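Here are a few friendly notes to read alongside the structure. Keep the 3D view open and look for each place as you go.

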Amino acid sequence: MISVSVVLLLLGFFSSIQCQTYVLDDSVGLGRRFDGIGGLSGGGATSRLLVSYPEPQLSQILDLLFKPLFGASLHILKVEIGGDAQTTDGTESSHMHSATDENYERGYEWWLMVEAKKRNPNIKLYGLPWAFPAWVGQGTGDPYAYPNVTASYIVNWLLGAQKVYGLPIDYVGIWNERNYNTTYIKTLYEALNKNGLQNVKIVAADGNFLDISVDILADAALAEAVSIVGAHYPGTYSDVAAISTHKQLWASEDYSTYNDDVGAGCWARILNQNYVNGNMSSTISWNLIASYYNGLPFFQEGLMTAIEPWSGHYEVMGPVWISAHTTQFTEPGYNYLKIGSGAGHLISGGSYVTFISPDSKDFTIVIETMTHDHSICIRPSLPPYNVQPQSAKFQLKGSLANIKILNMWVSHLYYNGTPSQYFIKASPVQVSSTGTFTLNIGVDTVITLSTLTGQQKGSFSSIPSSEQFPSPYMDNFDGYPLFSEANYFADQAGVFEIISASDPQHKQALRQVVPTRPITWCNDPDQPITIIGNISWVDVLVGVDVLLEPNSTSAFVAARISAGGCGVGGASGIFFWISVQGTWELTSDIAGKVLLGSGSYNFLANQWYSLEIIVQGNTAQLEVDRHVVGSVQTDLSAGYVGLGAGGYYGVQFDNFYMEVL
């Protein structure tokens, strides 16, 4: 509770501030159609650990993200169309590793979309590729070299979603943050129409606003093909060319900021000001949920955090409740009021936007007063500005003039050690007989006023405590669905799927399945690798059974892997290699070039070998089939453990075990 003396002090402070009047009026016409607030799973593998969560925590997390009138209550789920390549925090499996291979049981984005639809049947779905299997470019490394092939590949994904999972995809993109090709965009548009996918709208081009907008203005066929102009991290501004296209404008990827209170402030500011400054009608957060290992790029830059499936622990962060200030009071298809008659900047800093339902019966205003230093996003840079406490008078006109009472929800963000207060239901605001009401608004505050009811700050009583990764840990890969990922493994190059092992004694195994280095988004290494565990691990024992398939050359088990993500190709570590050339090697790099030790061993294809590496202090001991083959000195410090192959070919792994020593 706030004390009486503090209230009187605040009233005295605000009484000295001149009150500015803001008119909210739909009779002068409506602003842009509101398309919704969303989250992005992928780009890449940002939801990787989520799928391994136990119940009931898994359902709780999904409710907090997608359930209407409960948590973030998102309107849009954007997912990566997996391309078998590293796309920031890991790889995501393609539905077609080769031209003759089509499988819709791979990957977890299907599952996530199904779960989102269960909770909100009206949620919009959006797919975008970051990378492509090599066969799409027919050896050129260019997905646009054969536009019909690439369009068919994307259409297959869309049809698979619809036929296998009953998921109608609403939007599809071109190639994330890479050059677009206007011929391909028009080819994709034609392919959508020919395959009965006319309802799938093209978003282009997930880069900047200017380039694609200029091309749209110059090309009538391209203008027909593109429904939405989407840009990434626009800094709340679009440009004249984009507005001149008369297309809906989206921040189709934004936020990407550590999800503490400053991250929440960033999200609050851009959700409002993307419309106020840039006429954008949708903002999508990268990422949906930070569910990838600490030490990978952009750690904890999701709306909430879930990085411990082994314990079930998760964290509901401020951006969830900042989302709720808009999402729990709106739906796609609402309209903004026009800038100047329902949206704009507050005179002493901050912004306001107004939403109205299609039948003009429901009305919501969202106000934010985030200060500069408390709302800095990771990108782009934020020019200086000032925000001061202020008194604001709102005048309701048009169909809003008859409103007598507004429900109010408030978030107060603090940066002085006091815990922030998120999404608190406050006393309703009474509207005067003349259609006015006045608010005294402090800094770093978010306020929602609405005619709507039924909102809630959803919660669950028992979130498990945080725990370290279990040690010892073992997995024989039995019991998983075929084509799925093994728990806790995070692929960083290539894709590792559960298969029926070639040797029945091994039942199921984990296999590297990508046949050729993909058309990449990062600079992927030539060696597929999957990691597991903790980047701070030093002394560990790691063992696994390995089978080199007839077309393969080498495989490895590794410890102290220093990095993942787009930089995995440059990671240091202790890599224990076996080769059908009759050698074992220990290297400090994934490329196998920095040799620490080597020896002879008659390794054969199509035969299982048990490998073990024991790393303690500066010594790495290597074993094959329980026999020590070498002991090597190393000064490498700490990192994940992992498995991998010497190239893009089939290698099988089974009976994995590890222990922190």
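The points below cover a pair of helices and then the cavities.

1. Before anything else, please remember that this is a predicted model.

2. Start with helix α9, residues 261-278, and helix α10, residues 318-327. Their axes lie 8 Å apart and meet at an angle of about 20°. Angles under 35 degrees count as roughly parallel, so α9 and α10 are roughly parallel to each other. Their crossing is right-handed.

3. Which residues make the contact between α9 and α10? From α9 come G263, A264, W267, A268 and L271, while α10 brings G318, P319, I322 and S323. Sorted by class, the contact of α9 with α10 holds 6 nonpolar and 3 polar residues, with no charged ones.

4. Now turn to the cavities. The count comes to 2 cavities of 30 Å³ or more. The largest cavity holds about 180 Å³ of space. It is lined by 19 residues, and E92, S93, R106, G107 and Y108 are the closest to its centre. This lining divides into 6 nonpolar, 6 polar and 7 charged residues.

5. The second largest cavity has a volume of about 40 Å³. Its lining consists of A268, L271, N272, I322, H325, T326, V366, E368 and V446. Two or more of these residues come from each of α9, α10 and β16 (363-368). By class, the lining of the second largest cavity has 5 nonpolar, 3 polar and 1 charged residues.

Terms used. Residues are numbered from 1 along each chain as its sequence is written. This is a predicted model: local features need pLDDT of at least 70, side-chain atom pairs count only at pLDDT 80 or more; totals for chains, interfaces and linings use all residues. Side-chain values use heavy atoms; hydrogens and water are left out. Axes are lines fitted to C-alpha atoms, for helices over the stretch in contact, and angles run from 0 to 180 degrees between N-to-C directions. Helices (H or I, at least four residues) and strands (E, at least two) are DSSP runs, numbered from the N terminus. Angles under 35 degrees count as roughly parallel, over 145 as roughly antiparallel, 65 to 115 as roughly perpendicular and the rest as oblique. A crossing is left-handed if the near helix is turned anticlockwise from the far one by less than a right angle, and right-handed if clockwise. Contact means heavy atoms within 4.5 Å. Ala, Val, Leu, Ile, Met, Phe, Trp, Tyr, Cys and Pro count as nonpolar, Asp, Glu, Lys and Arg as charged, and the others, Gly among them, as polar. On a 1 Å grid over the protein atoms alone, a cavity is a set of points where a 1.4 Å probe fits but cannot get out, and a pocket is an open set with protein on both sides within 12 Å along at least five of seven lines; lining residues have an atom within 4 Å of a point. Grid points are joined across faces, edges and corners, and a volume is the space filled by probe spheres set on the points.
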